[in-house]
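Open your viewer, switch to a cartoon view and keep the selection tool at hand. We will go from the whole chain to a few single residues, one stop at a time.

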Amino acid sequence: MTFGFFVSFIFTRWAGISNLISGLKAGAIIGFFSSLYMNLFMYSNIPIDYKTFAIDVLISIVLSAGVGAAVALVIGKLK
């Protein structure tokens, strides 16, 4: 829920995103960087498993793209 609020805040205040495709792209970019940060922090003290790392980043990108598309669609309907 916090991630959805974060994405909607970025879309409405800073980026002005309100259509499905741009929300999908921006959500994927936000998801990439947030999952990269989280995984690098998580693996900072243990040996890294690159396969698990890549799978987690890809899953986070897909989920974040869906959140971004849904948020942008709702913002577009409310305008």
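Helices here are DSSP runs of H or I with at least four residues, strands are runs of E with at least two, and both are numbered from the N terminus. With that in mind, follow the chain from its N terminus: the elements run α-α-α. The protein has three helices and zero strands.

Before going on, note that this is a predicted model, in which local features need pLDDT of at least 70 and side-chain atom pairs count only at pLDDT 80 or more, while totals for chains, interfaces and linings use all residues. Residues are numbered from 1 along each chain as its sequence is written, and side-chain values use heavy atoms, with hydrogens and water left out.

**Stop 1: the whole chain**

Zoom out. Along the principal axes, the C-alpha atoms fill a box of roughly 50 × 20 × 20 Å. Now show the surface: its accessible area is about 5500 Å², and 74% of that belongs to carbon and sulfur atoms. Such areas come from the Shrake-Rupley method with a 1.4 Å probe, and for residues only the protein chains shown count as cover. Of the 79 residues, 29% count as buried, meaning under 20% relative accessible area; exposed means over 50%, and partly exposed lies in between (1.4 Å probe, protein chains only).

**Stop 2: helix α3**

Select residues 50–78. This is α3, with 29 residues, and it reaches 42 Å from its first C-alpha to its last, close to the 42 Å expected at 1.5 Å a residue. The expected span is 1.5 Å times one less than the number of residues. Colour the buried positions of α3, among them F53, V57, S60, S64 and G68. Which helices do they pack against? The buried residues of α3 pack against α1 (2–15) and α2 (20–42).

**Stop 3: helix α2**

Select residues 20–42, the range of α2. Its end C-alpha atoms are 32 Å apart, which agrees with the 33 Å that its 23 residues should span at 1.5 Å a residue. Buried residues in α2 include G23, G27, G31, S35 and N39. The cover over the buried residues of α2 includes α1 and α3.

**Stop 4: where α2 meets α3**

Show both helices together. Their axes come within 6 Å and cross at roughly 145°; axes are lines fitted to C-alpha atoms, for helices over the stretch in contact, and angles run from 0 to 180 degrees between N-to-C directions. Contact itself means heavy atoms within 4.5 Å. On the α2 side, the meeting residues include L24, A28, F32 and L36, and on the α3 side they include I61, A65 and L73.

**Stop 5**

Start with V57 in helix α3. V57 counts as buried because its relative accessibility is 8%. Leaving aside neighbours within four places in sequence, V57 is in contact with F32, S35 and N39.

Is S60 buried or exposed? At 17% relative accessibility, S60 counts as buried. Not counting residues up to four places away in sequence, S60 touches G31 and S35.

Finish at S64, again in α3. S64 counts as buried, with 7% relative accessibility. Beyond its neighbours within four places in sequence, S64 is in contact with F3, G27, A28 and G31.
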